[in-house]
There are 2 protein chains.
Amino acid sequence: MNTKKLPHIVIVGAGFGGMEVARRLAKSPVQITLIDRHNYHLFQPLLYQVAIAGLLPSQIAYPLRTIFRKQKNLTFQMGEVTSIDFNSRYVKLEGSVIAYDTLVLAVGGQTNFFGMNSVEQNGLQIKDIESAVSTRNHLLSMFERASREADAEKRRALLTFVIVGGGPTGVETAGALAELISHVMVKDYPEMSLTDARVLLIEATEHLITAYPDELRKATRDLLRRKNVEVLTNTKLASYNGQQMTLGDDRQIPAHTLIWTAGVKAAEVVDHLGVQQAGSGRVRVESTLQLPQHPEVFIVGDAAYLENGDGKPLPMLSTVALQQGKITAQNIQRILKGQSPKPFHYKDPGLLATIGRNAAVARIWGISFSGFIAWVIWVFLHIYRLIGFRNRVLVLVNWAWDYIFYENQVRLITKE
Amino acid sequence: MNTKKLPHIVIVGAGFGGMEVARRLAKSPVQITLIDRHNYHLFQPLLYQVAIAGLLPSQIAYPLRTIFRKQKNLTFQMGEVTSIDFNSRYVKLEGSVIAYDTLVLAVGGQTNFFGMNSVEQNGLQIKDIESAVSTRNHLLSMFERASREADAEKRRALLTFVIVGGGPTGVETAGALAELISHVMVKDYPEMSLTDARVLLIEATEHLITAYPDELRKATRDLLRRKNVEVLTNTKLASYNGQQMTLGDDRQIPAHTLIWTAGVKAAEVVDHLGVQQAGSGRVRVESTLQLPQHPEVFIVGDAAYLENGDGKPLPMLSTVALQQGKITAQNIQRILKGQSPKPFHYKDPGLLATIGRNAAVARIWGISFSGFIAWVIWVFLHIYRLIGFRNRVLVLVNWAWDYIFYENQVRLITKE
């Protein structure tokens, strides 16, 4: 326990930001405790693939104890943070209290329904493994129910799939779901005509994937149309009762499935910390990602509110979290050496979104790609970024298989 | 709908028995409706691998609609049978009624707790995907809790894993769990000494895997001992409260985990059919597997009670179900041709049980194998029997990986 004398760095959250801090401190003279409420790191960018039965949870999640097995200065603890005392410098979990010298809050985000209770109660989301698997089970059950439904009206409602939110997740989910129907379900349900099946993508603003340059927004729209996704922009959702959705203009569309991807906010835990919050509940931090009045507390990723050069808040993206994790590790090391911390500047690494099989849009090194080349870049980038060699191989096998045989193997309806 | 004129064969249950009947009638002039409460076929012999985090559910389960995609005379319907009218010849599901000319009941079995409510309430089982995943989550959580437990007594209780039942499932689970601890968990939990961890295998009778010849029973015991499984035969379980188990001789053993594999009985649905039942609730059938007074109803697999040549009831094994499925398909064809059905005779194809990595016991063509050769036979036989080429590849990749690196990748604790 000579490690006791080393400064104790407590990292809450093992998403992209927290993981990056932990890894970059591997060689530093510190004792790290990493806390997460799950025992695995989740590769969120591919979570939508679990929801549309394209990938298995274990292909995009990896046990944290295995990841950090070789990092001797780190201990993992599974648990949920209930409160934090910034003055006495300790973190409370159920059943234990952990004191820190330096705290890194990388608690991430959660779905933001903007107070639309009817959607929160009756809609689906793709936020964690459990919700993605529930979404998968729900989607697959709709086809089973439709296959037994004699009434054409009711069958159409069972086969109408609404995705709300024109961001990357919404676009990727809509494209992949449309392909699941047109390439896989048509084969699985020969007794039923799937021309009734509809995939709607609803976006309140004028554009899909707003962050992208205009030519890519157009390309995205065209690619989705070609996959028979009905794109409705400038369209607001008013309410959803589980069978029927009501739009802002009072139009009603019968649909048993609504997947909400239209909002993210900081994880709820930060609401109870008595800190100053900005839009989406994110915590206002210094340019160095330190908490005002508490230089020993860093906040990284979705939970941190910091403005970009252009005065816009930084987007809630894994790339932002990764870069913030890197600078936070550096700043912790600088402070240990008596140096002053450096401010964070986001370097846009480019944009990349897939629209189902063999189509994607990308903006890299200032160049816009769309279609197959962009998709190949997307596949390899994501497989490369996936943690764990074996996972990469399995994901590749999966995709190769799906790509060649238009086949998804994960279509199990499991009870919860 | 010219198929309407063809005799309608309704098969309830898509386990080994029901699947075999359905496949062997593929070329017959019949219309088949296959009913199962799940949308997948489950390869039960490997379910324990899901429970010990060795395989993924989707590696041993396969969507039924995909399996029967090319069989044009079969329609699949997902649903639970609520009642059967043998006189009017129809099957009732929630929301639908299906008339039959010939009925095949292949509803399988369920766990038999022999009225031990304390075990049913506080113990774990490995009967379907859901219970196997719950068992996995429970097992993995015990290690997390133990890693936070300061009290040595309590930690020992958290790390004491009891498996009740010395049949193949119990033996295979105990062996695999012991290896998970000694090869994987020791690496994942460097902060905690796992010498406290115990795996107990409890069997009420004198022998493990009673059906096997004596030399293999001995070999099994030795192999388990070598893997540090404590084998207690002639030991009865009296009760279990979730923290402590009480044995027949009032001995008490603190243990937070008890997996019950000691009993199987016919699926509950047959209790409500008003038919004559024998031991384990199985339905008494003619030697042709027909229901007395109802020659148009066949019962195959765990749900059927038939005695072997030696007067013993046939075991509840997949091999029995498969052979009964085969003869039932033949008898249905014979009856359609106006021939009389043939009686069923079980041909023992041999016995095979694995005891964790690289060790197994087998009895094939009258020869007894044990150790590595038996294990290789077991691996290839099981992979071969697994449905779906891609699954086989993935299972092989998984096992090869585990075998070379002593690594299990599926150790995710998911909420239910």
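**Ground rules.** I am working with a predicted model, in which local features need pLDDT of at least 70, side-chain atom pairs count only at pLDDT 80 or more, and totals for chains, interfaces and linings use all residues. Residues are numbered from 1 along each chain as its sequence is written, chains are lettered from A and ligands numbered from 1 in the order in which they are written, and side-chain values use heavy atoms, with hydrogens and water left out.

**Entry 1: the domains of chain A.** I looked up the domain bounds, which come from an automatic or database domain assignment. Domain 1 of chain A covers 3–111 + 265–336, and domain 2 covers 117–262 + 351–405. I noted 29 Å between the C-alpha centres of domain 1 and domain 2 of chain A.

**Entry 2: where they touch.** I found 32 residues of domain 1 of chain A in contact (heavy atoms within 4.5 Å) with 30 residues of domain 2 of chain A. The buried area between the two domains (accessible area, 1.4 Å probe, lost on putting two parts together, summed over both) is about 2700 Å², and carbon and sulfur atoms give 67% of that. On the side of domain 1 of chain A, the residues that lose the most area to domain 2 are A:Tyr48, A:Ile52 and A:Gln59, together 24% of what that side buries.

Entry 3: Several elements give two or more residues to the domain 1 side, among them helix 1 (16–24), helix 2 (47–51) and helix 10 (318–336) of chain A. Helices here are DSSP runs of H or I with at least four residues, and strands are runs of E with at least two, numbered from the N terminus. Helix 2 of chain A gives the largest share, 5 residues.

**Entry 4: positive phi in chain B.** Most residues other than glycine have a negative phi. B:Ile209 has a positive phi of about 25°; this residue lies in the loop between strand 12 (198–202) and helix 9 (214–226) of chain B. B:Asp250 also has a positive phi, near 65°, and sits in the loop between strand 15 (244–247) and strand 16 (252–254) of chain B.

**Entry 5: buried or exposed?** I used under 20% relative accessible area for buried, over 50% for exposed and partly exposed in between (1.4 Å probe, protein chains only). B:Ile209 counts as buried because its relative accessibility is 2%. B:Asp250 is exposed, at 62%.
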